[in-house]
Amino acid sequence: MHTLEKRYIIILIGFIILLSGCSSYFDQGKIQKAGMLAETSIHDQAWGAKGYKGLLAIRDKYDVDVYFKEGIKTEQDVANAVDELVNHGVNLIFGHSSAYGKFFVDISQEYPDVQFVYFNGGYYADNVISLNFNAHAMGYFGGMIAGKMTKTNQVAIVAAYEWQPEIEGFYEGVKYQNPDAEVHIDYVNDWNDEKSALESFEKMRDVNADVIYPAGDAFSSEMIKLASKDGIYAIGYVSDQSDIDETAVLTSTVQHADKLYELIAKKFNKGELSGQILTFDFQDDAISLGRFSPDVPEEFQEKIKDAIDVYKKTGMLPNER
């Protein structure tokens, strides 16, 4: 055999061994690099910022490179972004929105060694999982506080979508605490339509609502600022928004998306993930209430804390006990 032929054979064998090693690496489910897709910006909303915080935590804990892509909205955007991330060696991809579920499922078979993760949806596949916040209870406890603090017995919700479980929970919490209160609900049908949401706020002000729950991250901050200016109480959303006005913000329904990034990375590294829908709640420290306004009576704050403790232990809300 010629020397040149021997070299080709050695190179080919080495290449096969390298490929085999990579396959074994992926089979073990170890993070090579992590990526994140966001519909808007990671900087202009609390939801996006929490995802980015979680991504950085993965970077620091596992000493891997991380990437993020903003403005990824369409199926073609997702296909292009995923292809780019995979070419960079990313094998754990987070889609920071419910919109990514179907897109991920549609392309998941093309990337069998990549784990796809997204939030708040019903789609899943062998290598696609959905992370869902059980948001009913957080809405319920926020509603109890709203029912306690309203003086006009007019409480308002401006939400992105009708399917949000925190909306029904909030309504139930208000009615449990204050059966005489009327709850007005308006839906924007878009996470990011701040203009329509603020128009809904004007309608709620016209019906004399004195507590409002802006259940949409893109518009909650601006709506709370308007409420504060008009002497209206608010319940914060996604993050602790008491920094806007510590008195006007009675509390906040907080979703700790960043903690779920770290949890999923840990499970991925242990090979514990499969196609499934995972649900998280107060018991998982994935949801909490934010700081209380000093206007909320201390004895009622304790009542809410006790109710949350019971819920953590039993899974039962006050109206179920």
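Predicted model: local features only at pLDDT ≥ 70, side-chain atom pairs only at ≥ 80, totals over all residues.
Trainee: What pLDDT does the chain average?
Mentor: The average is 91, and 91% of the residues score at least 70. pLDDT is the predictor's confidence in each residue, from 0 to 100.

Trainee: Where does pLDDT stay under 50?
Mentor: Over residues 6-28. For that stretch the model has 11 contacts beyond four places in sequence; contact means heavy atoms within 4.5 Å.

Trainee: OK, strand β1. Are its faces covered or open?
Mentor: Covered, both of them: Ala34 and Met36 are buried on one side, Gly35 and Leu37 on the other. Buried means under 20% relative accessible area, exposed over 50%, partly exposed in between (1.4 Å probe, protein chains only). Strands (E, at least two residues) and helices (H or I, at least four) are DSSP runs, numbered from the N terminus.

Trainee: Why two sides like that?
Mentor: Because side chains in a regular strand alternate between the two faces of the sheet.

Trainee: And which strands does β1 pair with?
Mentor: β2 (residues 66-69), parallel, through four bridges, and β3 (residues 92-95), also parallel over four bridges. Pairing takes at least two DSSP bridges between two strands. Met36 has Phe68 as its bridge partner in β2, while Ala34 sits opposite Leu92 in β3.

Trainee: Switching topic: which residues touch the most other members in the largest nonpolar core?
Mentor: Leu131, Phe141 and Ile145, out of 62 residues. Helix α5 (residues 136-149) gives the most to this core, eight residues. A nonpolar core is a set of buried Ala, Val, Leu, Ile, Met, Phe, Trp, Tyr and Cys residues joined through side-chain atoms within 4.5 Å.

Trainee: What is Ile145 in contact with?
Mentor: Beyond its neighbours within four places in sequence, its contacts include Ile235, Leu250, Phe292 and Ile304.

Trainee: Last one: in what order do the six strands of the open sheet run?
Mentor: β7-β6-β8-β9-β10-β12, with mixed pairing. β7 (182-187) and β12 (287-289) are the edge strands.

Note on methods: Residues numbered from 1 in each chain as written. Heavy atoms only, no water.
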